[in-house]
Amino acid sequence: MAPDSKRPLPKGEQFFTPGATGLRKAVEQRSAVPMTYLFTQVPRWVAPAVLVILLLAGFAVANPLGGVAVLPVIAFIGWLAYLSWPSLGIGGKVLRVAMLTFLVLLVATRFGAF
């Protein structure tokens, strides 16, 4: 990607949670570089395409390899859910918990827990 074709960061939004301390502050600071790189340097279609491919592999492969394919999806969704949690309403929080629960159950079935 050419240097002049970088996507700018959104205006008017704070990247860090105001007044964050402890674990949240550490996670936000450590996430700043990969998140900035992912959302400004990588083409927009790459992250969703990779996540969809991994999720489809998890659905299609009914053995532990399918579960392993879904683990990066869980990590990415969990990471974004943790970072966005303070700014979410109750509906957004319920949706994220439901999504993560569904993905964890999918992985558990692939590893033979059920």
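**The whole protein**

The protein contains four helices and zero strands; helices (H or I, at least four residues) and strands (E, at least two) are DSSP runs, numbered from the N terminus. The model is predicted: local features need pLDDT of at least 70 and side-chain atom pairs count only at pLDDT 80 or more, while totals for chains, interfaces and linings use all residues. Residues are numbered from 1 along each chain as its sequence is written, and side-chain values use heavy atoms, with hydrogens and water left out.

Display the chain as a cartoon and follow it along the sequence, where the pattern is α-α-α-α. Of the 114 residues in the protein, 25% are buried (under 20% relative accessible area, with exposed meaning over 50% and partly exposed in between; 1.4 Å probe, protein chains only). The accessible surface comes to about 7,800 Å², and 72% of this surface belongs to carbon and sulfur atoms; such areas come from the Shrake-Rupley method with a 1.4 Å probe, and for residues only the protein chains shown count as cover.

**Helix H2**

Next, select residues 46-60, which form helix H2. Its 15 residues reach 21 Å from the first C-alpha to the last, close to the 21 Å expected at 1.5 Å a residue (the expected span is 1.5 Å times one less than the number of residues).

Which residues of H2 are buried? They are Ala47, Leu51 and Gly58. These residues lie on the same side of H2 because they cover an arc of only 25 degrees around the axis, the arc being that of the directions from the helix axis to the C-beta atoms. Their cover includes helix H1 (22-40), helix H3 (64-84) and helix H4 (90-110). Turn to the other side of H2 to find Ile53, Leu56 and Ala60 exposed.

**The nonpolar patch**

Now select Val52, Leu56, Phe59, Met99 and Phe102, which make a nonpolar surface patch of about 470 Å². H2 and H4 are the elements that give two or more residues to this patch. The largest share, three residues, comes from H2.

**Arg110**

Finally, select Arg110 in helix H4. Is this residue buried or exposed? Arg110 is buried, with a relative accessible area of 16%. Leaving aside neighbours within four places in sequence, Arg110 is in contact (heavy atoms within 4.5 Å) with residues including Gly58, Phe59, Asn63 and Pro64. Gly58 is also one of the buried residues of H2, and Phe59 is also part of the nonpolar patch.

How values were computed. Patch = residues over 30% accessible without salt bridge, like charges linked within 9 Å, V, L, I, M, F, W, Y side chains within 5 Å. Salt bridge = Lys/Arg side-chain N within 4 Å of Asp/Glu carboxyl O.
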